[in-house]
Amino acid sequence: MIMNASLSLLTSFIFSLLLTPIAKRAALRFMILDVSDSRLKTHKNSTPYLGGLSIFASVLIATALIILLFKVMIPFALYGLLISCWIIIVTGLIDDTLNLTPLTKVSFEVVAAMLAWFTGTGITLTGVEQVDFMLTILWIVGLSNAFNLIDIMDGLASGVAAVSSIFLSFLCFELGEIIYGLLLLSIAGACLGFLKFNFNPAQIFMGDTGSLFLGFLIACSTTRIFNYKESGLEFLPIITLGIPIFETIFISLLRMKSGVLPWKGTK
């Protein structure tokens with residue numbers, strides 16, 4: 001177990017270090033940039049996007065390597081989760097390059113969350129299927145956008161994702177959810193590798209591709225913890241992810257108080 005966990009963290013970390021500079025060069029080559037705007041942005045120079053692709057690839061490679069090397073049992077839900085993640089990645093990429101409307105973006109997130117639910121990833125907290133379905137969609141879509149929202153300063157989203165994923169992986173291991181614990185550690189490793197290039201002043205941003213993916217995958221992985229109602233640990237994901245959750249609620253209230261819609265960007 002210790003070897004699996006260490007290898008998952010280390011592999012994603014190394015691949016993130018290797019792939020992020022490649023993503024940076026590709027973003028510069030194809031002009032996929034976060035253009036500086038004094039009205040809405042705090043950074044002064046246009047900065048490459050596509051950091052999210054290096055994070056996604058690192059997580060994918062590390063998880064696949066662990067499964068192949070140690071012949072880890074793959075639950076059916078993981079296949080559905082993989083397809084759902086591709087939907088999120090494509091949505092983020094399109095948004096980073098073409099700027100989707102908030103409604104369109106959320107619609108794709110809901111589709112991805114529903115696919116995850118119907119393939120076995122979901123919260124069964126109440127035992128009432130319709131209620132659990134709504135809780136699952138709210139948790140996944142809400143946390144995806146929460147990470148998207150806190151990606152407003154260098155290193156914040158990747159740092160929060162790394163720390164929370166490490167702690168949440170321990171909870172998964174404690175509950176016997178090994179594959180999801182390894183998945184969370186691969187997220188942590190990828191984020192730690194990406195942080196080298198994302199500290200202030202950031203050389204590259206993860207963009208919506210990265211922030212939506214991190215929030216989505218962390219949310220889906222932690223649905224397993226909610227289902228252990230007798231463990232006393234079922235609400236720890238909410239506490240552990242308190243920063244993005246609180247930030248989402250707080251900023252939304254501030255924007256509405258100022259007469260700005262919650263999904264409209266502000267400086």
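These notebook entries record what I looked up in a predicted model of one protein chain.

**Entry 1: Ground rules.** I number residues from 1 along each chain as its sequence is written.

**Entry 2: The whole chain.** I found 10 helices and 2 strands. Helices (H or I, at least four residues) and strands (E, at least two) are DSSP runs, numbered from the N terminus. Along the sequence I read the pattern α-β-β-α-α-α-α-α-α-α-α-α. The C-alpha atoms fill a box of roughly 50 × 40 × 25 Å along the principal axes. The radius of gyration of the chain is 18 Å, which agrees with the value near 18 Å for a compact globule of 267 residues. That radius is taken over C-alpha atoms, and the globule rule is 2.2 Å times the number of residues to the power 0.38.

I noted that buried residues make up 49% of the 267 residues. Buried means under 20% relative accessible area, exposed over 50%, and partly exposed in between (1.4 Å probe, protein chains only). Of the contacts with a separation of 6 or more, 73% join residues 24 or more positions apart; contact means heavy atoms within 4.5 Å.

**Entry 3: The core.** Which residues touch the most other members of the largest nonpolar core? I recorded Leu-81, Phe-213, Phe-216 and Ile-218, in a core of 68 residues. The elements giving two or more residues to this core are α1, α2, α3, α4, α5, α6, α7 and α8, and α7 gives the most, with 11. A nonpolar core is a set of buried Ala, Val, Leu, Ile, Met, Phe, Trp, Tyr and Cys residues joined through side-chain atoms within 4.5 Å.

I then followed Phe-213. Leaving aside neighbours within four places in sequence, its contacts are Ile-55, Phe-56, Val-59, Cys-85, Ile-88, Ile-89 and Asp-208.

Entry 4: Helix α8 has 20 residues, of which 19 are buried. It reaches 29 Å from first C-alpha to last, close to the expected 28 Å; the expected span is 1.5 Å times one less than the number of residues.

In α4, I listed Lys-105, Glu-109, Ala-112, Ala-113, Ala-116 and Trp-117 as buried. They lie on the same side of α4, because they cover an arc of only 145° around the axis. The arc is that of the directions from the helix axis to the C-beta atoms. The buried residues of α4 pack against α3, α5 and α8, whereas Leu-103 and Phe-118 are exposed on the face turned away.

Entry 5: Most residues other than glycine have a negative phi, and most peptide bonds are trans. I therefore looked for exceptions. Met-31, in the loop between α1 and β1, has a positive phi of about 60° and is exposed at 59% relative accessibility. Is Leu-50 buried or exposed? Leu-50 is buried, at 6%; it also has a positive phi, of about 80°, and its place is in the loop between β2 and α2. The peptide bond from Asn-200 to Pro-201 is cis, with omega near -5°, and Pro-201 belongs to the loop between α7 and α8.

Conventions:
Predicted model: local features only at pLDDT ≥ 70, side-chain atom pairs only at ≥ 80, totals over all residues. Heavy atoms only, no water.
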